[in-house]
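Here are a few friendly notes to read alongside the model. Please have the viewer open as you go through the points.

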Amino acid sequence: MKIAIMGAMVEEITPLLDFFGTYETLEFAKNRYYTTTYKGMELVIAYSKIGKVNASLTATTLIEKFGAEQLLFSGVAGALNPNLRIGDVLVATALAQHDLDITAFGHPHGYVPEGSVYVDTDASLRALAHKVAKAQNIILQEGIIATGDQFICDGVKKEWIHTTFKADATEMEGASVAVVCDALKIPFCVLRAISDAADMDAGFSFDEFLVSSAKESAQFIIAMLDEL
Ligand SMILES: CCCCCCN(CO)Cc1c[nH]c2c(N)ncnc12
């Protein structure tokens with residue numbers, strides 16, 4: 001089985017590379033792909049760089065060029081749901097693009113013809129995440145993620161995204177991974193640890209908690225591998 005583990009930033013995959021220790025590095029399309037094996041599984045690890053376009057390129061490459069049969073995303077996100085705290089780990093049930101907008105033609109936010117507002121994540125990978133959380137006594141939150149090419153650091157935008165998409169968290173890559181994996185029929189899951197509250201303090205909070213939250217998400221992904 002060949003598993004892809006993807007992040008957006010180097011900080012999101014460094015904990016993974018540190019854990020696996022030895023790996024090959026392959027340069028392709030202005031990015032680096034790290035391959036290793038773990039408990040009989042072939043792994044290919046990469047960070048896409050920030051944003052939906054970068055994430056689409058990397059997700060497609062992981063599947064089409066490296067042959068990944070499942071894709072796990074690990075990273076951090078901003079909380080939209082007031083019940084989410086810094087450090088909480090969330091597994092996505094569905095993902096939408098909050099900045100995709102042809103409402104001028106009567107379509108809902110996040111929708112384009114022949115598409116859908118939401119892409120659902122793989123139910124069995126989600127179930128696996130809950131099984132791992134239970135085994136490890138970790139509280140795993142579940143919810144909708146709204147993705148867009150903006151770092152959200154403003155209460156008004158935060159509330160608009162929360163309300164419009166009933167989203168619990170926001171980030172900048174997940175929905176791209178969802179569209180790519182859905183189109184290529186690859187089971188995927190998106191796991192994010194909260195680094196900020198997507199409000200006026202989000203920048204400072206992100207800087208303070210990126211590394212620790214990224215580590216939490218990565219550790220959870222590793223625990224999932226042990227059960228895959
Ligand atoms: C150099 C700084 C790069 C920030 C990249 C942030 N990632 C994008 O995936 C996750 C994220 C954490 N908090 C967020 C927020 N409030 N809005 C959007 N995205 C996020």
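1. A crossing is called right-handed if the near helix is turned clockwise from the far one by less than a right angle, and left-handed if anticlockwise. By that rule, α2 passes α5 in a right-handed crossing. Helices here are DSSP runs (H or I, at least four residues) and strands likewise (E, at least two), numbered from the N terminus.

2. A word on the source: this is a predicted model, in which local features need pLDDT of at least 70, side-chain atom pairs count only at pLDDT 80 or more, and totals for chains, interfaces and linings use all residues. Residues are numbered from 1 along each chain as its sequence is written, and side-chain values use heavy atoms, leaving out hydrogens and water.

3. Back to the helix pair: Lys52, Ala55, Ser56, Ala59, Thr60 and Ile63 of α2 meet Ser176, Val177, Val180 and Cys181 of α5 (contact means heavy atoms within 4.5 Å). The residues of this contact divide into six nonpolar, three polar and one charged.

4. Now the ligand: 17 residues surround it, with Val76, Ile152, Met172, Glu173 and Asp196 the closest (a heavy atom within 4 Å). β5 (70–79), β9 (169–171) and β10 (188–196) each supply at least two residues of this shell.

5. Do look at the polar contacts (N or O pairs within 3.5 Å). A polar side-chain atom of Glu173 lies 2.5 Å from a ligand oxygen, while a polar backbone atom of Met172 is 3.0 Å from an oxygen of the ligand. For Gly78, a polar backbone atom is 3.3 Å from a ligand nitrogen.

Methods: Ala, Val, Leu, Ile, Met, Phe, Trp, Tyr, Cys and Pro count as nonpolar, Asp, Glu, Lys and Arg as charged, and the others, Gly among them, as polar. A polar contact is a pair of N or O atoms within 3.5 Å; within protein, one must be able to donate a hydrogen and the other to accept it, and residues adjacent in sequence count only if both atoms are side-chain atoms.
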